[in-house]
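Colleague: Could you give me a close look at a single part of this structure? I'd be glad if you then went on from there to the other places you would show me.

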Amino acid sequence: MYTEKVMEHFTSPRNVGEIADADGMGEVGNMKCGDIMRIYIKVNEQDVIDDIKFRTFGCGAAIATSSVVTEMVKGKTLDEALAVTNKQVAAELGGLPENKMHCSNLAADALHKAIADYRNKRAVEKTDLKETAQ
Amino acid sequence: MDKIYLDHGATTPLRPEVLEAMKPYLTDFFGNPSSLHAFGREVRKGLEEAREKVAAAIGAEEREIVFTSGGTEADNLAIRGVARAASARGNHIITSAVEHHAVLDTCLALREEGFDVTVLPVDGYGMVSLKDVEAAVTDKTILISIMLANNEVGTIQPVAEIGKIARSRGVVFHTDAVQAIGNLPVNVNDLHCDLLAVSAHKHYGPKGVGALYVRKGTRLKVFNFGGSQERKMRPGTENVPGIIGMGRAIELAVHELDEKAARIKTLRDKLIAGILAVGDVRLNGHPTERLPGNVNVSVGYVEGESLILSLDLKGIAASSGSACTSGSLDPSHVLLAMGLDHQTAHGSLRLTLGAGNTEEEIDYVLSVMPEIVSRLRSMSPVYAGQRRD
């Protein structure tokens, strides 16, 4: 039922783990439906994703989509990463079974949340800096 | 190592002896058993011999056996048949929260039609309480339907006792015995049941055939119309090769029950002990009142489908009650009814042993399990969270 590429990412997932001093973290899913994805990003001064890691509790599709999204956006700018959709993630894997498209295909959402988290933090830091300067 | 099949709760392989018994009825003996001529008569003879075998296996009389297309149809015929026949007397039906969907969904469909359906809760082992059964019966109760043994967690219900309660209150009692045949002694008189559903492919027979035991005097109002086959309770030309196969399969299953059940139980207990030793694993279902071949565990911090995929890559066939494998967004209704939280239910793994399994296979499963679990845990955010605590 899964494509070869899904199984390949399931058996050899890329970028598993956490980033201790991550610039942003995004989590999606809930335990009721049985999928939780967490994505950590490290961003450089050029707004490029230098490092990205994930941890996922979930089915084969949940693990494979998390893995492939990290591969798709590593080295990309935040704007490029924000343009990646769940649909594109599924397509990158050669497709997912229909019943997995909604419940387990949330990796791009987790990534977008991580980026939003990073931007929020930076906005707060800038405000703090301004306040300190004043 | 060859592929290892540990999903006998889903289906079992056809026994060679069963295939041999069926072959003539797929080739030479093609007549319609309802035909009067020689072609029909020889097939009728085989069909009635199969009926005798099924009846003998469960302590029934031949005329009390109705062949169906399987367990699901037998459950539907029993429940809807009684509901319609007895609706003038009452409209209350009692069942349990851990029934197979063939029973539960049939009862819930009757609720939509206006029947009053009590779904009894179960304890942490998946067991129905006799007190609850007793208390639920009213003068409007027309049917109690409680399974003999649970397909997911293997828990064996106190069906004989429930049967006694039903009889003393004048209520028809149906039990789904699909998982029990070949695993437990099944006798309709010891169980005090009026209706009992069986399915051939769960005991090394062919798929697409089952039977409903209907105790003499039990009234069913049928909902399929056509010919007079199966005393009009199940009209339509019989699945003759399937029925012949079922007869042979159930005969063998009952004959070999004691030896097989004891051997499988030993392997089951070894498998349970070995998986629990992985750590953060809980056994689902009753420790002793359980089917001899059933192992159901929840592996903490990992999800069931990813466990099954990982085992499949090692050549091991298993199943799970996680949402991904239940075909809905919710995990198994059985595990939730037993009080498991969602995470624990999503992490369930069912391994069901059968006649062909060996100790070497169990050793192999136990040798790959720790590595599979630790790999999935290393990816799991809930496990990482747990370790920090």
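Modeller: Happy to! Let's begin at Leu143(B), whose bridge partner in S6(B) is Val172(B). Before going on, please note that this is a predicted model, where local features need pLDDT of at least 70 and side-chain atom pairs count only at pLDDT 80 or more, while totals for chains, interfaces and linings use all residues. Residues are numbered from 1 along each chain as its sequence is written, and chains are lettered from A and ligands numbered from 1 in the order in which they are written.

Strand S3 (residues 92-96) of chain B pairs with S5(B) in the parallel sense, over four bridges; two strands pair if DSSP finds at least two bridges between them. S5(B) also runs parallel to strand S6 (residues 172-176) of chain B, joined to it by three bridges. On the way from S5(B) to S6(B) the chain passes through helix H6 (residues 159-168) of chain B, and this β-α-β crossover is right-handed: with the strands pointing away from the viewer, the path from the first strand over the helix to the second runs clockwise. Helices (H or I, at least four residues) and strands (E, at least two) are DSSP runs, numbered from the N terminus.

How enclosed is S5(B)? Five of the five residues of this strand (residues 141-145) are buried, so S5(B) is largely enclosed by the rest of the structure. Buried is used for 20 or more other C-beta atoms within 10 Å of a residue's own, exposed for 12 or fewer, and partly exposed for in between, with C-beta atoms placed from the backbone.

Two loop residues are also worth a look. Asn15(A) sits in the loop between helix H1 (4-11) and strand S1 (24-30) of chain A. Although not a glycine, Asn15(A) has a positive phi of about 55 degrees. Because it has 18 C-beta neighbours inside 10 Å, Asn15(A) counts as partly exposed. Lys232(B), in the loop between strand S8 (210-214) and helix H7 (240-255) of chain B, has a positive phi near 65 degrees. Lys232(B) has 13 other C-beta atoms within 10 Å, so it is partly exposed. As background, most residues other than glycine have a negative phi.

Finally, the contact between the chains takes 19 residues from chain B and 19 residues from chain A, where two residues are in contact if their C-beta atoms, placed from the backbone, lie within 7 Å. On the side of chain B that touches chain A, the largest share, four residues, comes from H9(B).
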